[in-house]
Amino acid sequence: MYSKKQHHIRLLSKLPVSNLFNPFYSGRGSVVFMHKIVKDKSDSNRLFLNSANEVTVDYLELLINYLKNKNYRFISLDQLHKELLSKKKSKQKFICFTFDDGYKDNLTLAYPVFKKHNIPFAIYITNCFPNKTASLWWYFIEDILLKNDFVELTVNSKLTSFSSKTKEEKEATFFALRNLFLKANKSQLEYYRKQLEEKYSISEKEYVAREALSWQEISELSKDSLVTIGCHTANHLPLNQLTEEEVVEEIQASKNEIEKHINKEVNHFAYPFGTVSEIGKREVEVVKKLSFFKTATTTRTGNIFSTHKSHLLSLPRIQVLGTWDDFSILNLYLSGVIPAIKNKFKKTVTL
Ligand SMILES: [Zn+2]
């Protein structure tokens, strides 16, 4: 499914459409987001969906140089907030870099690159990362699939066997299990996790221990004025499935705990998952009512326009994918071609 979509995007990137859209749909700039930065992509067995969330450190370096050559300027979330509220409008487009969740490589691999170029960036922390309570089941499942020819799991009291012999089967099974895990409630998740841990002698908790930033590391990063630490809720749950009180608790607990560790106010927020499947008008209203934050970002695709000054708590972003080998697809996003198509030619993507 996703490979067909990727194919269409690749075809589009070969056409000279960017210049047509750029004057109307590129906006004043873009907030881009990533998750993990990795050293290399030498392991070709890695599954597509996980690999897509991992950008190599070399690509990040090339990306910054590419954007510099295109005359972008780089701003922090505070600066973005200030500029959207100001009457003055810079002709030079901006890029605001953000990272979601709080992976350790944001410090070990990304930070040195941003530091070298003196470019600001933000990390939205979900507290279950530094508290090491998060379930990183997508890496756990991937490792099981890569090591086994089939995976057995009891779902709804029925033992189901998923074939994972070939790369195609591994991808398809990963997709099926991912849907199952995404729809599962807390006790179902726990039940699946326990079964897989016992059957395949692999500990799921090791993943968060290895991959997540610690509070000490977050506190160190926060001392650098280039780094903004944002909030991404306590437990990274789909907020539209919670009661209003629970949503408030998820946000308030996260903000309070982060502030306690970094000794600074947290002024920026990213909705977990952040698509229309997990957040809607109610969630944005709750965040508005709390009046904790200067900005809040979603993962809806779009560039930033002046009109977003009235929608500071539901700003769209552009995801930089680890599956891109050049900048042709990125260019389709930043110039506004893909956002325009995705958003039915509406400029201001909100909720
Ligand atoms: Zn996230």
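Visitor: Let's start with β1. Which residues does strand β1 span?
Guide: Residues 29-34. This is a predicted model, by the way.

Visitor: Is β1 mostly covered or mostly open?
Guide: Mostly covered. Six of its six residues are buried.

Visitor: Which residues point which way from β1?
Guide: Gly-29, Val-31 and Phe-33 point one way. Ser-30, Val-32 and Met-34 point the other way. Both sets are buried.

Visitor: What does β1 pair with over six bridges?
Guide: Strand β5, residues 94-101. The pairing is parallel.

Visitor: Switching to helices. At what angle do α7 and α8 pack?
Guide: About 145°, with their axes 10 Å apart. Helix α7 is residues 137-147, and helix α8 is residues 167-183.

Visitor: Is that crossing left-handed or right-handed?
Guide: The crossing of α7 and α8 is right-handed.

Visitor: Which residues make the contact?
Guide: From α7, they are Trp-137, Trp-138, Ile-141, Glu-142, Leu-145 and Leu-146. From α8, they are Lys-170, Thr-173, Phe-174, Leu-177, Arg-178 and Phe-181.

Visitor: How many of those are nonpolar, polar or charged?
Guide: The contact of α7 with α8 has eight nonpolar residues, one polar and three charged.

Definitions and conventions
Residues are numbered from 1 along each chain as its sequence is written. This is a predicted model: local features need pLDDT of at least 70, side-chain atom pairs count only at pLDDT 80 or more; totals for chains, interfaces and linings use all residues. A residue is buried if 20 or more other C-beta atoms lie within 10 Å of its own, exposed if 12 or fewer, and partly exposed in between; C-beta atoms are placed from the backbone. Helices (H or I, at least four residues) and strands (E, at least two) are DSSP runs, numbered from the N terminus. Two strands pair if DSSP finds at least two bridges between them. Axes are lines fitted to C-alpha atoms, for helices over the stretch in contact, and angles run from 0 to 180 degrees between N-to-C directions. A crossing is left-handed if the near helix is turned anticlockwise from the far one by less than a right angle, and right-handed if clockwise. Two residues are in contact if their C-beta atoms, placed from the backbone, lie within 7 Å. Ala, Val, Leu, Ile, Met, Phe, Trp, Tyr, Cys and Pro count as nonpolar, Asp, Glu, Lys and Arg as charged, and the others, Gly among them, as polar.
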